[in-house]
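Visitor: I am new to reading protein models. Could you walk me through this one?

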Amino acid sequence: MSIRKISEGVVHKLPADLKKVLIADPAALTKWEDITPLARNEWICWVESVKRPQKRKEHVQRTAAQLKEGMRRPCCWMGCVHRKDKPLSPSQEFLLGRRSKKQGTHR
């Protein structure tokens, strides 16, 4: 059995759990290969942005499902903050600031 090379993102590498789901779903894989590297980066970052294993599993499954529905990027998400080729948007800065304050109050 040959292992197919699957395209990755700009900053993020394709995680094993997402790769497994894409390989198992040819329709989702076709859509994955049709989106831009920046869009793939957004999906990967969206999957990796959650902390709880169950939530991550949901994000992986939703990625495949939403790609097949025609979505090219995750909806209602602030976007990847790991890219160094552009500054953070004002909305990203705002949300990251809120997260920092929330995390700081729980310590």
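This is a predicted model: local features need pLDDT of at least 70, side-chain atom pairs count only at pLDDT 80 or more; totals for chains, interfaces and linings use all residues.

Guide: Residues are numbered from 1 along each chain as its sequence is written, and side-chain values use heavy atoms, with hydrogens and water left out.

Visitor: Which residues of α2 are buried, and why do they lie on the same side?

Guide: Helices here are DSSP runs (H or I, at least four residues), numbered from the N terminus. Buried means under 20% relative accessible area and exposed over 50%, with partly exposed in between (1.4 Å probe, protein chains only). In α2, residues 26-34, they are Ala28, Leu29 and Trp32.

Visitor: Which exposed residues sit on the face turned away from that buried side?

Guide: The buried residues of α2 pack against α1 (16-24), α3 (37-48) and α4 (53-68), where contact means heavy atoms within 4.5 Å. The face of α2 turned away from the buried side carries the exposed Pro26, Thr30 and Asp34.

Visitor: How are α2 and α4 oriented to each other?

Guide: Axes are lines fitted to C-alpha atoms, for helices over the stretch in contact, and angles run from 0 to 180 degrees between N-to-C directions. Angles under 35 degrees count as roughly parallel, over 145 as roughly antiparallel, 65 to 115 as roughly perpendicular and the rest as oblique. The axes of α2 and α4 come within 8 Å and cross at roughly 75 degrees. The two helices α2 and α4 are therefore roughly perpendicular.

Visitor: And how are α3 and α4 oriented?

Guide: Their axes, those of α3 and α4, also come within 8 Å, but cross at roughly 155 degrees. That makes α3 and α4 roughly antiparallel.

Visitor: What kind of aromatic pair do Trp43 and Trp46 form?

Guide: Both lie in α3, 3 residues apart, about one turn of the helix. Rings of Phe, Tyr and Trp (its six-membered ring) pair if their centres lie within 6.5 Å; planes under 30 degrees apart count as stacked, over 60 as edge-to-face and the rest as tilted. The centres of the Trp43 and Trp46 rings are 5.7 Å apart and their planes stand at 80 degrees, so the pair is edge-to-face.
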